[in-house]
Amino acid sequence: MQRTKKALITGITGQDGAYLAQLLLEKGYEVTGTYRRSSSVNFWRIDELGVTNHPNLKLVEYDLTDLSSSIRLLQSSDPDEVYNLAAQSFVGVSFEQPVATASITGLGAVNLLEAIRIVKPSARFYQASTSEMFGKVQGIPQRESTPFYPRSPYGVAKLYAHWMTVNYRESYGIFGSSGILFNHESPLRGREFVTRKITDSVAKIVQNKLDVLELGNLDAKRDWGYAQEYVEGMWRMLQADAPDTYVLSTGRTETVRDFVTMAFRGANIGIEWKGQGDAETGHCARTGKVLVRVSPRFYRPAEVDLLVGDAAKARDELGWVPQVSLEQLCQMMVEADLRRNELGFSF
Ligand code: NDP
Ligand code: GDR
């Protein structure tokens, strides 16, 4: 009889942690998921997926910045697979909190790698790397061989964690894989990220709870996929014969402006764009009312202008192919936010 596999997920309260927990529990894993101590715990995502009280899920308090906790966590959970999803993951905040970001997002990964090296070197390790490492892009599309040029403290911290994963693989033979994931979204996305901010605001505008959606750079182009499909890719990386680095992306890129238009269309509102730069506005095609405005408050000190990935390696070696289109994803998010706002709660 096959032994039940055990997985450790750091950051289970985040978007990806919640979907990954659901996936692994469905596959019969015993899952330990970590959350941060805070005055009020933040389980809404795993609640929404209905996994919080699953008999094979154990939730434990943990802070990634603490090495001794990392060692104890490895001892108590004894995992076959470790998914390091915990991070200070908001690029904008990383400019305000570069040291905290370096400590959590960069060094935090090394705490876990060290704990694996000390406690259980046979455990397989997944590092949540990011397309932000490409930053000021050195090639289009971006693939595993494209040189890195991060443009934010977050991107730099992630690049450090990425190279440490590669280094532990090469130095100690640890099965450390790094997934360079392009933006992936869902109804469980945090509201500070642009897609969810847009779909939540569209729902509020429809329900007369908000007048105008204020955004920063509308010209930024992103390769947006569906988070549930991306966590499946993470799992596939740890089932491979050997550890490696893989890009996960859709290969399609659109501007923030395009996503706004798409989201309003999802709520049956046409948008007409007028003006340029800071003065650009989005109007309701029917009434002419301004619904979208640019606010330099949301600009970043350095921007990543264009991301578009090539996931051919993941397709060829892992059989990973994303299916959900951006239109479907956007519609799913708009509908979820319309429903939530109607019910009077919004996370
Ligand atoms: P989220 O921001 O939704 O989740 C991050 C998780 O990390 C949360 O559970 C958060 O806990 C936890 N966390 C933050 N700081 C600490 C800490 N000091 N100790 C322990 N846990 C901590 O991110 P996503 O789910 O979107 O992303 C998952 C990972 O993938 C992240 O590492 C992110 O950087 C990376 N990534 C994400 C992409 C995306 O498009 N979503 C693309 C590429 C990479 P709390 O709930 O308490 O804040
Ligand atoms: P990103 O995602 O920085 O790509 O990082 P985010 O959704 O925050 O920004 C995407 C683009 O939209 C522009 N933008 C705005 N962004 C936010 N958040 N709010 C706004 O009002 C706004 N207006 C315009 C941004 O300038 C940017 O160009 C995400 C995170 O999940 C990272 O953790 C992950 O590593 C990368 O995706 C891949």
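This tour walks through a predicted model, one selection at a time.

**Stop 1: two domains**

Colour the chain by domain. Select residues 6-186, 223-252 and 306-324 for domain 1. Then select 194-219, 255-305 and 331-343 for domain 2. These bounds come from a domain assignment of the chain. The centres of the two domains, taken over C-alpha atoms, are 29 Å apart.

Now look at where the domains touch. On the domain 1 side, 11 residues make contact with nine residues of domain 2. Which helix gives the most to the domain 1 side? Select residues 91-96: this is helix α4, with three residues on that side. By class, the domain 1 side has five nonpolar, three polar and three charged residues.

Select residues 8-333, which an unreviewed entry labels "domain: NAD(P)-binding". Over that stretch the chain is 39% helix and 18% strand. Its end C-alpha atoms are 28 Å apart.

**Stop 2: the seven-stranded sheet**

Switch to a cartoon view. Find the open sheet of seven strands, in the order β3-β2-β1-β4-β5-β6-β11. The pairing is parallel. In general, strands of a sheet pair through backbone hydrogen bonds, either parallel or antiparallel.

Which strands lie at the edges? Select 57-61 for β3 and 245-248 for β11; each pairs on one side only. Neighbouring strands here are turned by 20° against each other on average, direction ignored.

Next, select β4 and β5. They are joined in the parallel sense by four bridges. Show N84 and you will find Q127 of β5 opposite.

**Stop 3**

Most residues other than glycine have a negative phi, and most peptide bonds are trans. Here are two exceptions.

Select D78. Its phi is positive, near 45°, and the residue is not glycine. Where does D78 sit? It is in the loop between α3 and β4.

Now select I140 and P141. The peptide bond between them is cis, with omega near -5°. P141 belongs to the loop between β5 and α6.

**Stop 4: the four-stranded sheet**

Look for a second open sheet. Its four strands have the order β8-β15-β14-β13, and the pairing is mixed. The edge strands are β8, residues 213-215, and β13, each pairing on one side only. Neighbouring strands in this sheet are turned by 20° against each other on average, direction ignored.

Select 271-274 for β13 and 281-284 for β14; they pair in the antiparallel sense over four bridges. The bridge partner of E272 is H283 in β14. This hairpin has six residues between its strands, and G275 takes a positive phi near 75°.

Move on to β15, residues 290-294, which pairs with β14 in the antiparallel sense over three bridges. Here T281 has R293 as its bridge partner. Five residues separate the strands of this hairpin, where G288 has a positive phi near 85°.

Are β8 and β15 parallel or antiparallel? They run parallel, joined by three bridges. Show E214, which stands opposite R293 in β15.

**Stop 5: ligand 1**

Select ligand 1 and the 26 residues that surround it. The closest are G11, G14, A86, A87 and A128. Which element gives the most to this shell? Helix α1 does, with three residues. Both α1 and β5 supply at least two residues each. By class, the shell around ligand 1 has nine nonpolar, 14 polar and three charged residues.

**Stop 6: ligand 2**

Select ligand 2 and the 22 residues around it. S89, T130, V194, G216 and A220 come nearest. Helices α4 and α7 each supply at least two residues of this shell. The shell around ligand 2 divides into nine nonpolar, seven polar and six charged residues.

Bring back the domain colours from the first stop. Domain 1 and domain 2 each give at least three residues to the shell around ligand 2.

Key. Residues numbered from 1 in each chain as written. Chains lettered and ligands numbered in written order. Predicted model: local features only at pLDDT ≥ 70, side-chain atom pairs only at ≥ 80, totals over all residues. Pairing = 2+ DSSP bridges. Axes fitted to C-alpha atoms, helices over the stretch in contact; angles between N-to-C directions. Domains from an automatic or database assignment. Contact = placed C-beta atoms within 7 Å. Nonpolar A, V, L, I, M, F, W, Y, C, P; charged D, E, K, R; others polar. UniProt positions renumbered as here; feature names shortened; annotations may be inferred. Near = placed C-beta within 6 Å.
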